[in-house]
Number of protein chains: 2
Amino acid sequence: MVTRERPTLEAVARRAGVSRATVSRVVNGSTTVAAAIRDAVVRAVEELGYVPNQAARSLVTQRTESIALILPESASRVFSDDLFFPAVIRGVSLELEAADKQLVLMMAGSAAGQERVQRYATAGHVDGVMFASMHGTDPLPGRLARLGIPVVCSGRPMSPAHPAIPYVDVDHIGGVMAAVRHLLDLGRRRIATIAGPQDMVAGIDRLTGYRTALRDAGLPEHVAYGDFTRESGIQAMRRLLADDPALDAVFVASDMMAHGALQALRETGRRIPADVAVIGFDDFEISRLSDPPLTTVHQPIVDMGRTMAGQILGLVTATADVPAAVVLPTKLVVRASA
Amino acid sequence: MVTRERPTLEAVARRAGVSRATVSRVVNGSTTVAAAIRDAVVRAVEELGYVPNQAARSLVTQRTESIALILPESASRVFSDDLFFPAVIRGVSLELEAADKQLVLMMAGSAAGQERVQRYATAGHVDGVMFASMHGTDPLPGRLARLGIPVVCSGRPMSPAHPAIPYVDVDHIGGVMAAVRHLLDLGRRRIATIAGPQDMVAGIDRLTGYRTALRDAGLPEHVAYGDFTRESGIQAMRRLLADDPALDAVFVASDMMAHGALQALRETGRRIPADVAVIGFDDFEISRLSDPPLTTVHQPIVDMGRTMAGQILGLVTATADVPAAVVLPTKLVVRASA
DNA sequence: ATGAAAGCGCTAACAG
DNA sequence: CTGTTAGCGCTTTCAT
């Protein structure tokens, strides 16, 4: 290890022939420093390659300029072929980068992970915390908020916390109802659904949308459950077909599961959409490339990330009012599968 | 904001009726504390919900228990449909999680990003730094290493740095040569390649493998270049076909580009592998699901991540000898496309 | 085995 | 406008 000692404020001050306070002012861009002195300090900083020690700075400012995004999932899940997480992260990155804040990504799939994350945040490593992909009634957001840590969520929390936590979400129900109505307009009458996990608001709301639309039409429901993965879509589709070989349409609560469903349907020789119409939810890029291209409900995931990041920045800098809830619109995108 | 003041060591000490030093010992698991006192301290810690302030701790220990993974790419690239990055991250996560270190992911696609990353690392935010997906002769790893920060790379650095930086890589050339030989065994004689970007070792080495194998066989080469994205694969394949409509095989330097190539070939009505045999490089999950399933060179990306993380842990804790280079094997996986 | 004391490197009053 | 002075919360000798 080379371990060239890193220079401190003190060293810079000595070299420039001024006090530590003055160097600190220059480094932090204070305007009340004489030009000549500032130049001398700047030169000393460059000559020494001085970079402020963040730990020391945080200790006194109580700020870290970092913000965490917590995903209550395993790393294997987050970094799989699922395209939801990447999109959220992309949105968050865009916004934080513009604000020159560092993103700290934390996966907390296990109980140990949850513990780690809580310690990390409580230890003052970050100025604020974002949650995405929440399951059930995760107590962590509320707990951190109660500790005075700024918190926002993407996805409406399943149980309202005290204090209330700001969140972004999309209009799941509206999107799904548009999708099911489209199937009805197509003349389909045996419309099944592959629902998402029922410990997540996205799973619950999309199922509610389906149920509402079918009830409005006076048709019976037909539900199988998956967990948003492609594989679970395959399995669920097979179950649906076993229950009702004559079904003529299926609304699938995520694109990944819809791709699984397409595969399962093809395996039974069914033509899409002639025999069975399929609609997904997400509108990922690859859904345009599948065979046939997938009709799906578009949700603006990147925007959710951006919005959430905007909210946390507002809380952290206490500079803007942060809305308690933002609900982004969804939209049916019709392609060849329905 | 609730801002319940977070308790300090001092508070715990008062409550337990001991000195700060003793509380510190208990919190850090020192064995030289009387059982009775330790219990009292532990109780006080729990009652107050005490969590050590990481900034203060880092200030004195000079350690953060965090390690950065730096990806010299834009967030949009890292979190796209490319499956390389997720796999690396997954491997890294697995290993760091086991060591209870926090992963800090940093994208540094722009010059501003590079700057940010350098400041961040130099400011002592992390104990060590990993690089993946390096382009050209990126000076950053060398610079950080010279500052005494432990650094490792995935992918052999293009220009050896001083001090030498440990790295992991895979046997690109061996894998590619096996692939091209397979095409030769199949009787193919007009074998083209879609090469990766030539500012990356992975791009260079895979092209070298192709060239070597063709030269050994006494056949002419036929090269188009892409940048590892699907779209660039489509374009490159079209160029190759325009140059030589009679080509009967193509080795593509990444699976994503290979999927693009398959699409471009299908669009011209060519049958795969009857008319043109295609081999990729990566062996992503989806390559088994493409039409037809892709013959490809398997590289153990997750293992690269794990290995790299192991190396950095060794450097950071200075507990194990860290090999200067680890080269993981690759292997041809034959499926229907060749 | 425990406590007292000295900083780690920095910022932020407060004087001057 | 600049310097002096206190700490931020913690670990770690060094005594006891």
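In which loop is the place of A:P220?

**View 1. A:P220 and its loop in chain A.** In this predicted model, A:P220 sits in the loop of chain A that runs between α10 (201-217) and β7 (223-225). Because A:P220 has 11 C-beta neighbours inside 10 Å, it counts as exposed, the limit for that class being 12 or fewer. From A:P220 to A:M256 the separation is 36 residues in sequence and 25 Å in space, taken from C-alpha to C-alpha.

**View 2. Helix α11 of chain A and the elements it packs against.** Helix α11 (residues 230-243) of chain A has 14 residues, which should span 20 Å at 1.5 Å a residue, and this agrees with the 20 Å that separates its end C-alpha atoms. The buried residues of α11(A) are A:R230, A:S232, A:G233, A:I234, A:A236, A:M237, A:L240 and A:L241. These buried residues of α11(A) pack against β6 (191-195), β7, β8 (249-252) and α12 (255-267), which belong to chain A.

**View 3. The surface near DNA strand C.** DNA strand C is surrounded by 26 residues, of which the closest are A:T8, A:L9, A:S24 and A:A56 from chain A and B:A34 from chain B. Two or more residues of this surface come from each of α1 (9-16), α2 (20-27) and α4 (54-61) of chain A, and likewise from α2 (20-27) and α4 (54-61) of chain B. With five residues, α4(A) gives the most to the surface near DNA strand C. Sorted by class, the residues near DNA strand C are 14 nonpolar, eight polar and four charged.

**View 4. The surface near DNA strand D.** Around DNA strand D there are 26 residues, and the closest are A:A34, B:L9, B:A21, B:S24 and B:A56. The elements that supply two or more residues here are α2 and α4 of chain A, together with α1 (9-16), α2 and α4 of chain B. The most, five residues, is given to the surface near DNA strand D by α4(B). This surface has 14 nonpolar, eight polar and four charged residues.

**View 5. The contact between chain A and chain B.** Across this interface, 40 residues of chain A are in contact with 39 residues of chain B. On the side of chain A that touches chain B, at least two residues are supplied by each of α4, α5 (75-78), α6 (84-98), β2 (102-107), α7 (111-122) and α8 (140-146). That side of chain A is made up of 22 nonpolar, 12 polar and six charged residues. Since 98% of the interface residues of chain A are also interface residues in chain B, the copies meet through the same surface.

**View 6. The axis that relates the two chains.**

**View 7. Helix α6 of chain A.** The 15 residues of α6(A) reach 22 Å from the first C-alpha to the last, close to the 21 Å expected at 1.5 Å a residue. Of these 15 residues, 13 are buried, and α6(A) is thus mostly covered. Just after α6(A), A:D100 takes a positive phi of about 60°.

**View 8. The nonpolar core and residue B:M130.** The largest nonpolar core has 101 residues, and those with the most contacts inside it are A:M130 and B:M130. Helix α13 (residues 301-317) of chain A provides the largest share of this core, nine residues. Leaving aside residues up to four places away in sequence, B:M130 touches B:I67, B:A68, B:L69, B:I70, B:V92, B:V152, B:M308, B:A309 and B:I312.

**View 9. Helix α13 of chain B.** The end C-alpha atoms of helix α13 (residues 301-317) of chain B are 24 Å apart, which agrees with the 24 Å that its 17 residues should span at 1.5 Å a residue. Because 13 of the 17 residues of α13(B) are buried, this helix is largely enclosed by the rest of the structure. Just after α13(B), B:A318 takes a positive phi of about 50°.

**View 10. B:D283 and its contacts.** B:D283 is found in the loop of chain B between β9 (277-282) and β10 (295-298), and with 22 C-beta neighbours inside 10 Å it counts as buried. Not counting residues up to four places away in sequence, B:D283 touches B:D255, B:T296, B:V297, B:H298, B:Q299 and B:V333.

Definitions and conventions. Residues are numbered from 1 along each chain as its sequence is written. Chains are lettered from A and ligands numbered from 1 in the order in which they are written. This is a predicted model: local features need pLDDT of at least 70, side-chain atom pairs count only at pLDDT 80 or more; totals for chains, interfaces and linings use all residues. A residue is near a molecule or strand if its C-beta atom, placed from the backbone, lies within 6 Å of it. Helices (H or I, at least four residues) and strands (E, at least two) are DSSP runs, numbered from the N terminus. Ala, Val, Leu, Ile, Met, Phe, Trp, Tyr, Cys and Pro count as nonpolar, Asp, Glu, Lys and Arg as charged, and the others, Gly among them, as polar. Two residues are in contact if their C-beta atoms, placed from the backbone, lie within 7 Å. The expected span of a helix is 1.5 Å times one less than its number of residues. A residue is buried if 20 or more other C-beta atoms lie within 10 Å of its own, exposed if 12 or fewer, and partly exposed in between; C-beta atoms are placed from the backbone. A nonpolar core is a set of buried Ala, Val, Leu, Ile, Met, Phe, Trp, Tyr and Cys residues joined through C-beta atoms within 7 Å.
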